Amino acid sequence: MSGIIAIISQPPAEGLTGGDLEALGGAAALAAQTGEPVLAAVIGHSVSDAVAEAGERGAERVYVADAEHLAAFSGDAVVDAAESAVAASEVSTVVIGRGTNTLEFAPRLGARLGGGCVMGVTEVRPDADGGFAVVASVYGGSARAVYRLAATPRVIGLSPGLAPAPDRDAGRSAEVVAVDAPASAEERVVVDQPAEATGPRLEEANVVVSGGRGLQRGDNFALIRELAANLGGMPGASRAIVDEGWAPSEEQVGLTGKIVSPDLYVAAGISGASQHMMGCSTSRVLVGINTDRDAPIFRYARYGINGDALEVLPELIRLTRERAGG
Amino acid sequence: MHIVICAKQVIDPDGVNSYALWGQLEVDESGRAFSTELPLIINAYDDQAIEAALRLRDDGHDVTITALSAGGEDVNQLLRHCKAMGCDEIVRVDDPDGPPDAFRTARLLAAAIRDLGDVDLVLCGRQSSDYDQGTTPAALAEMLGYAYVTVAFDVRVEGERLRIKRATPLGEEQVLASMPTVVTISNELGIPRYPTGRGMIAARRHPATVKTLEELGVEDGDGAELLELYIHEVAGECEFIEGDDPAAQAAALLGKLEAEGVL
Ligand SMILES: Cc1cc2nc3c(=O)[nH]c(=O)nc-3n(C[C@H](O)[C@H](O)[C@H](O)COP(=O)(O)OP(=O)(O)OC[C@H]3O[C@@H](n4cnc5c(N)ncnc54)[C@H](O)[C@@H]3O)c2cc1C
Ligand SMILES: Nc1ncnc2c1ncn2[C@@H]1O[C@H](COP(=O)(O)O)[C@@H](O)[C@H]1O
């Protein structure tokens, strides 16, 4: 068994983004270590553009499961299709980027294939015997663990930022192999009311202004929204205030929320627990506003204001409104 | 309806956070565990999984709830908590020195669930707060051949199926799932209830049923082997913005951010 395959499921029509590009980058990084070829599997319906792009971004061969029942995500259908692609390609390793549905199918695929799976991999290390070990965070980022997946085929779920997206080279193209992906007789999990993806994505915002329990009251989250809007960015939240109901869970940043990496991240009234920092610590410039000078947020922050967010935020709002000419 | 909830014992994550913050988190000589003496608690999402099961009972369904945990004798305390919360039966798969390999754990849990027989719904936490992997329930679903639904915050019976609300990164999604199913529970479910006094008394009189790996006929297999744990440094280089008042601090901060080119 040889080859590293990046799984791309339900690619958007506009071109590959986020986790799909990370999977191709991660596959290339692994292949550089093991000398195995980079392959891709594209799962969805009417996916010829994504197939071409995977080739332009370095996949030597692309396995395609294209069928009507794969148009929308279904864990059962995607695991079946990925299993077929892995069987056809006889790869040693499957790489999956972080996406909306990764948690729903990556570990299942690892169990199905028999080699197991490690999620949230931040680093790949070469092994003495030509193989590799993987590193993932534990305790929300307070420590790291090194794992080995000895058996193949194995599944690796990547954390964003492990490797850059491979460049696109229009001169390159992949050999395309169609994979049989019949619909199963029974649909065990049926989406009745889909989540509506509306508006811009937090993961792609250049500026994120986040609030935490230091805001004292739910109403004060309006300050976060206003400052974010003035800076042309988006609001984010700690889990503590999502649990309080001050912000919706889609706005949560962190280990179990969104992972963002904007140019500017402002954390107001957020302690800086490792689980929160997992979602924002790679931001270019991080600002902490906190009444506690010893708060962990200041270990990660480039700039800190040791003060009351309820006094500082209104001033920032006023000044940024003036800047925007409003 | 027979519901199994899978509960894992973990080191209190808030304690780990504070120890890490004060530089007191240490890896022991095995290289694979923390030497820190911190309290062991139920993984918080698993507590919410019990709550999800109890809410189905509150809805008037005739449910039997079995709490299941794989571990050594120290998880008896966790199982007593599950009983006190309102679970009917508590089962421990005796595995005192099991490595933290989700795929191995899933094999033990799958064998125990097969041993129980007629299970309709398995509720797990979305991930454990120690290894943060969220792989055990997925592997469990595969091994049992059950349907699989993640990050649920509301689970209801609708005819022969379950109507499940999921907290996806895009927002709320509702799915209908056939049974048997493995469902993982997320914190959006809300705060679990406290054990009642009566529950606590019942728990004291109710020992866990213990199953050995031999009895369950658990097979060996491959998974994720933990080689080592380590603690990495967080490089702090914070520049505090001083100023006479919040207005001055805000202006100084914006000046810095403009100079950095991020505004
Ligand atoms: C498995 C697991 C997953 C988790 N996932 C996430 C996740 O994805 N995202 C996440 O955020 N958390 C997550 N957490 C929770 C995390 O550990 C913390 O509990 C949480 O981030 C704390 O939120 P907070 O900083 O808003 O609240 P707190 O910890 O209560 O901190 C409030 C802060 O505000 C400061 N403050 C108080 N008043 C003011 C004021 N007037 N002005 C300025 N500052 C003030 C305080 O000094 C304090 O530092 C997770 C935990 C676990 C166990
Ligand atoms: N030893 C165990 N005993 C019972 N349930 C477990 C055990 N380990 C993991 N689980 C279940 O699997 C979930 C996810 O764990 P993990 O895959 O470790 O993130 C937990 O929330 C539990 O519901």
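Across the interface of chain B and chain A, 33 residue pairs turn up in polar contact, both partners at pLDDT 80 or more. A polar contact here is a pair of N or O atoms within 3.5 Å; within protein, one must be able to donate a hydrogen and the other to accept it, and residues adjacent in sequence count only if both atoms are side-chain atoms.

Some ground rules before going on. This is a predicted model, where local features need pLDDT of at least 70, side-chain atom pairs count only at pLDDT 80 or more, and totals for chains, interfaces and linings use all residues. Residues are numbered from 1 along each chain as its sequence is written, chains are lettered from A and ligands numbered from 1 in the order in which they are written, and side-chain values use heavy atoms, with hydrogens and water left out.

Back to the interface. Chain B puts 80 residues into the contact and chain A puts in 82, with contact meaning heavy atoms within 4.5 Å. Between them the two chains bury about 7300 Å², 57% of it on carbon and sulfur atoms; buried area is the accessible area (1.4 Å probe) that two parts lose on being put together, summed over both. The rule also finds nine salt bridges across this interface, each a side-chain nitrogen of Lys or Arg within 4 Å of a carboxyl oxygen of Asp or Glu. Arg302(A) and Glu260(B) form a salt bridge through their side chains, at 3.6 Å from N to O. On the side of chain B that touches chain A, the elements giving two or more residues include helix H1 (13–21), strand E7 (147–158) and helix H8 (246–260) of chain B. H8(B) gives the most to that side, with 11 residues. Helices (H or I, at least four residues) and strands (E, at least two) are DSSP runs, numbered from the N terminus.

Now the sheet. It is open, with 10 strands of mixed pairing in the order E10(A)-E9(B)-E8(B)-E7(B)-E10(B)-E6(B)-E1(B)-E4(B)-E5(B)-E11(B); two strands pair if DSSP finds at least two bridges between them. Strand E10 (189–193) of chain A and strand E11 (209–211) of chain B sit at the edges with a single partner strand each, so one side of each is left without a neighbour in the sheet. From one strand to the next, the twist averages 35 degrees. Strands E1 (residues 2–6) and E4 (residues 64–71) of chain B run parallel and are joined by five bridges, and His2(B) stands opposite Thr64(B) in E4(B).

Two helices of chain B lie across strands of this chain. H3 (residues 76–85) covers E4 and E5 (89–94), running at about 160 degrees to E5(B). H4 (residues 102–116) lies across E1, E4, E5, E6 (121–125) and E11, at about 145 degrees to E4(B). Axes are lines fitted to C-alpha atoms, for helices over the stretch in contact, and angles run from 0 to 180 degrees between N-to-C directions.

Most residues other than glycine have a negative phi, and most peptide bonds are trans.

| Site | Backbone feature |
|---|---|
| Thr152(A) and Pro153(A) | cis peptide bond, omega about -10 degrees |
| Met179(B) and Pro180(B) | cis peptide bond, omega about 5 degrees |
| Glu90(A) | positive phi, about 55 degrees |
| Asp132(B) | positive phi, about 55 degrees |

Glu90(A) counts as exposed at 53% relative accessibility, whereas Asp132(B) counts as buried at 11%. Buried means under 20% relative accessible area, exposed over 50%, and partly exposed in between (1.4 Å probe, protein chains only).
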